[in-house]
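Hi,

Here is the structure I promised to pass on. Have a look at it first, and then read on for what turned up.

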Amino acid sequence: MIRMRRDGADVSWSLVVPLKPLVRAKSRLSEAAGEEFRPKLALAFALDTVAAVLACADVRDVAVVTDDPVAGEHLAALGARIVPDAPANGLNAALAHGAAVVRARRPGAPVAALNADLPALRPAELTRVLHFAALFPRAFLADAADIGTTLLSATSGTELEPAFGGPSRARHRSSGAHEISVPDVPSVRRDVDTGEDLRAALALGVGPHTARQAPRVPGWAEWAGVLSPAGRSAARRAVDVPAASGRTVPPQVRASGA
C-alpha cells in the first residue's frame, strides 16, 4: 500500500531486518532453550516478525539481510526480499547495506531498521510507531529494557546511520535521532535475547511460528503458565497435529490476544 502526504511525498516504508546465520543467532538463549533448539527459535522469531511487518498497512516491502540459506528460503516464501550480507562486517554494516539496496531500487524511500527477534509483534502497534517516526528525519524506539533499540527510522533524504548493539538507546539519542514515545506498543519493544525475555513475549502473545516451537522448549510445562488457556491449547495442537506434508500445523491464533 502506497501512502502519500499532502505534499506528495511517499510515506510507505521499506523495512530492513537483519538476521545472523541461524547457527550463531540468539546465543544467549542457549541456556533456556538448549543449543540444538536455539536456531529453530531464532528462525521462528524472524518468521513471526516479518509476517507481522508485511501485514502492516504502512509497509511497502521488507528486505531481510542474511546469508543463511534456510532462513532466506522461508522468509522469501513470506514475501520478503533477501539481501546477502555483502559487507560481512557486523550488524550496523548489514543494516546500512540493506538500506542502500532498498534506496537503489526506490530512491528517497523512508526506511526503518527493525530487529528480527520480535515474535509478539502486532501490525497495529508497528503502524503507530511508524506514524510517529514519519514526523522526524531520524527516530528510534527503545527496547523493553530501555537500554537497546528495536527500531530506527530515516525519512526520505536522510541516512539511517545505525548504531545498534548494547546500550544503543543512548547512542541513537546522542546521534540526533528523536526517541519515539508512543504509548502502548509493547510488542514493538519486546525483543527476545534471554529465557526471561521469551517468557515476557509469550505473555504478550506470540505469532504462530513461535507458538509452534514454544512447547519444545525445555521446561515448557512451567513456562506455559504465562499463556492464556487458549494459547496453551493452540501451541500444543501445533505440535500434535500433522499437516498433509508431514510438517506440523502452526496455530492460526496468537498465544494471547489478537
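How do the residues of the lining of the largest pocket divide into nonpolar, polar and charged? Before I get to that, please keep in mind that this is a predicted model. The lining has 14 nonpolar residues, 10 polar ones and 12 charged ones.

Let me stay with that pocket for a moment. The space in the largest pocket comes to about 960 Å³. Its lining is made of 36 residues, and the closest to the centre are Lys20, Lys26, Leu91, Asp117 and Asp193. If you want to know which elements give two or more residues to this lining, they are α2 (38-54) and α4.

Now for the overall picture. The protein chain has 11 helices and 7 strands. It runs to 258 residues, of which 51% are buried. If you take the contacts between residues at least 6 apart in sequence, 65% of them join residues at least 24 apart.

On one hand, β1 (residues 13-18) runs parallel to β2 (residues 59-65), and 6 bridges join the two. Within that pairing, Leu15 is opposite Val62, and Pro18 has Val65 as its bridge partner. On the other hand, β1 also runs parallel to β4, with 3 bridges between them. There, Val16 stands opposite Ala113.

Is β1 covered or exposed? It is mostly covered, with 6 of its 6 residues buried. Trp13, Leu15 and Val17 point one way from the strand, while Ser14, Val16 and Pro18 point the other way, and all are buried.

A few loop residues are worth a click too:

- Ala88 sits in the loop between β3 and α4. It has a positive phi of about 50 degrees although it is not a glycine. Ala88 counts as exposed because its relative accessible area is 60%, and the cut-off is over 50%.
- Asp184 is in the loop between β7 and α7 (186-189). Its phi is also positive, near 60 degrees, in a residue other than glycine. With a relative accessible area of 63%, Asp184 is exposed.
- Gly176 is found in the loop between α6 (168-174) and β7. It is exposed as well, at a relative accessible area of 59%. Gly176 and Pro137 are 39 residues apart in sequence, and their C-alpha atoms are 9.4 Å apart in space.

Over to you!

Cheers

Note on methods
Residues are numbered from 1 along each chain as its sequence is written. This is a predicted model: local features need pLDDT of at least 70, side-chain atom pairs count only at pLDDT 80 or more; totals for chains, interfaces and linings use all residues. Side-chain values use heavy atoms; hydrogens and water are left out. Two strands pair if DSSP finds at least two bridges between them. Helices (H or I, at least four residues) and strands (E, at least two) are DSSP runs, numbered from the N terminus. On a 1 Å grid over the protein atoms alone, a cavity is a set of points where a 1.4 Å probe fits but cannot get out, and a pocket is an open set with protein on both sides within 12 Å along at least five of seven lines; lining residues have an atom within 4 Å of a point. Grid points are joined across faces, edges and corners, and a volume is the space filled by probe spheres set on the points. Ala, Val, Leu, Ile, Met, Phe, Trp, Tyr, Cys and Pro count as nonpolar, Asp, Glu, Lys and Arg as charged, and the others, Gly among them, as polar. Buried means under 20% relative accessible area, exposed over 50%, partly exposed in between (1.4 Å probe, protein chains only). Contact means heavy atoms within 4.5 Å.
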